[in-house]
Amino acid sequence: MRLSRYPISTLKEVPADAEVISHRLMLRAGMIRRLAAGLYSWLPMGLRALKKVEHIIREEMDRAGALELCMPTIQPAELWKESTRWNKYGPELLRFKDRHEREFAYGPTHEEVITDIARRELRSYRQLPVNFYQIQTKFRDEIRPRFGVMRAREFLMKDAYSFHVDEASLNQGYLAMYDAYVRIFTRMGLKFRAVQADGGSIGGNVSQEFHVLADSGEDAIAFSDGDSYAANLELAATAPASPRPAASRALERVSTPNVRSIDDLCAFLKVNAAQCVKTLLVDGSNNDVVALIIRGDHELNAVKSQKLPGVANPLRMASADRVRAATGADAGSLGPIGFAGKVYADHAAAAVADFICGANEREVHYTGANWGRDLPDVISVDMRNAIEGDPSPGGSGSLQIARGIEVGHIFQLGQLYSAAMQATVLDEQSKAVTMYMGCYGIGVTRVVAAAIEQNNDANGIIWPEAIAPFRIVLVPLAYQKSALVKEVADRLYEEFSAAGIDVLLDDRDARPGVKFADSELLGIPHRIVIGERGLGTGQLEYRHRRDSAATEIPVASAVDHVLQNSNR
């Protein structure tokens, strides 16, 4: 493409509404433009990168034996009611009625539609296993769309769904998709990690997320430095602590005026937060209140906690009125001693002796409290966030914490949807059996933004070569004034195009500094500068986007040099 024919301008100023690096750079580079909250138009430069991502995904899905189809974005409410998700999915599901007052949804995902296709088209076990996929627009009515295309309301997604006659076949299909995802993100040149994850609104018992590692990532992931264990922080396991020491202090009631938090308590008593326990009261599933106890230096994990027997799901903190009714106190002075309801303690909290806790009396705490002596021994569970340095659940090494951007998620759905929607096939004995399902998603638009979050510097984007909108940019100096520069630039443009290399020719009548700044902002991996001085000795100036300095190369070897320096 000749840049003079590209009508979209780059921007010097950072847009005021852009919060993260990828959003700022995508707007400045003329890749996207905002239409409304969470809605973006993809301009030609951005669309080229998006299509590169699509191409890699499509090739690897086809290689894995998946079959591409295309399903409607608008879905009838009847299917969602049949799966029971019409009321469960929440306000992110955009619901509306047509002119005949029939209810529809703008699909955020396609489990119901593909299950309907499967129950109509699949009749025999001989047709299984099968995997269908599409690259299709989705819509989720985010309450607060932000971060550009990272958390937009409308987005492009690759979603695949596999059907199996039994669980063993589902396991095989799941592993095949895992391998395909590893190939996809490796080919894209991204640094990523696959981690154990919660099924969320999609469901299923086994799932893994694929995260692009970036300091700006919304998600925290925990991984071992000594084995292969990795999990989203919301699911990362913590092991039972070492045996609890014997009690060595007497229980003492202490006045703690103006103490409302663990930090206040530690400052007042001059103790470490690890010697304190926090009591959090949450709604129970039987219209009661449950006490969750964690160590003062730890944070409660909502995903783990809401799965505990007797705890409401989703997790809800008890109201101030319910807290007072259950304890006689307000938040800030709560504790497990004398609490009459169900109590769970995190493994670490259950292993503390002589701990400090609230006395269920305003501005009063206990010191020297001990399980089994001052209150009953407690049910010890895993319900906190893992922290850096925790032992790896894999058995070797300790956990490290990093930030990640979720770009892919794979699930074993089992019979969650197929049973609800009666999707069956006949087995070898001609008996109807409910199919097993897997679900495999990649946020295509999110991959583009995540790649930028991981690959950028102060000057702009640094594209991994496989998904760059162009592989090389030619920057001729005085293109309109020098016949020699124009002749060489046009010839190189044709040679790179003939070699199958996506080439951008900056033939604008602009100052060299403008051209150099735009080439760095756009993040094109290879740049060749063509000037009269260099051509006098048959040389061009070459620089890879990741290099700090340029080198001279012969005009005759330009194409070969770029090929030799590709995929860095």
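Of the 568 residues in the chain, 54% are buried. The coordinates come from a predicted model, and the C-alpha trace spans about 95 × 70 × 50 Å along its principal axes. The secondary structure comprises 16 helices and 30 strands. Among contacts in the chain with a separation of 6 or more, 68% are between residues 24 or more positions apart.

| Helix pair | Angle between axes | Distance between axes |
|---|---|---|
| Helix 2 (residues 44-63) and helix 6 (residues 167-187) | roughly 150° | within 9 Å |
| Helix 2 and helix 12 (residues 444-454) | about 115° | 9 Å |

The axes of helix 2 and helix 6 cross at roughly 150°. Because an angle over 145 degrees counts as roughly antiparallel, helix 2 is described as roughly antiparallel to helix 6. The crossing of these two helices is right-handed. On the side of helix 2, the contact is made by Ile56, Ile57, Glu59, Glu60, Met61 and Arg63, which meet Met177, Ala180, Arg183, Ile184 and Arg187 in helix 6.

The residues of the contact of helix 2 with helix 12 divide into 7 nonpolar, 1 polar and 1 charged.

**Nonpolar cores and a buried serine**

Which residues touch the most other members of the largest nonpolar core? In that core of 65 residues, they are Met26, Met31, Ile57, Phe185, Met188 and Trp463. When neighbours within four places in sequence are left aside, Ile57 is in contact with Ile135, Lys158, Ile184, Met188, Ile442 and Val444. A second, separate core has 25 residues, including Leu281, Tyr366, Ala369 and Trp371.

Ser22, in helix 1 (residues 21-28), is buried, with a relative accessible area of 0%. Beyond neighbours within four places in sequence, the contacts of Ser22 are with Met150, Ala449, Ile452 and Glu453.

**Backbone geometry in loops and strands**

Most residues other than glycine have a negative phi, and most peptide bonds are trans. Several places in this model depart from that pattern, and they are taken in turn here.

The peptide bond from Leu128 to Pro129 is cis, with omega near 0°, and Pro129 lies in the loop between helix 5 (111-121) and strand 7 (130-139). Another cis peptide bond joins Asn313 and Pro314, where omega is about 10°; Pro314 is placed in the loop between helix 8 (302-305) and helix 9 (320-327).

Positive phi values occur in residues other than glycine at Thr84, where phi is near 75°, and at Asn360, where phi is near 55°. Thr84 is found in the loop between helix 3 (77-83) and helix 4 (85-88), and its relative accessibility of 41% means that Thr84 counts as partly exposed. Asn360, by contrast, lies in strand 17 and, at 12% relative accessibility, counts as buried.

Is Arg362 buried or exposed? Arg362 counts as exposed because its relative accessibility is 57%, and the residue lies in the loop between strand 17 (355-361) and strand 18 (364-369). Apart from neighbours within four places in sequence, Arg362 is in contact with Arg260, Asp330 and Ser333. Arg362 and Met421 are 59 residues apart along the chain, and their C-alpha atoms are separated by 54 Å.

Key
Residues numbered from 1 in each chain as written. Predicted model: local features only at pLDDT ≥ 70, side-chain atom pairs only at ≥ 80, totals over all residues. Heavy atoms only, no water. Axes fitted to C-alpha atoms, helices over the stretch in contact; angles between N-to-C directions. Helix = DSSP H or I, 4+ residues; strand = E, 2+ residues; numbered from the N terminus. Parallel < 35°, antiparallel > 145°, perpendicular 65-115°, else oblique. Left-handed = near helix turned anticlockwise from the far one by under 90°. Contact = heavy atoms within 4.5 Å. Core = buried A, V, L, I, M, F, W, Y, C linked by side-chain atoms within 4.5 Å. Buried < 20%, exposed > 50% of the residue type's maximum accessible area, 1.4 Å probe, protein only. Nonpolar A, V, L, I, M, F, W, Y, C, P; charged D, E, K, R; others polar.
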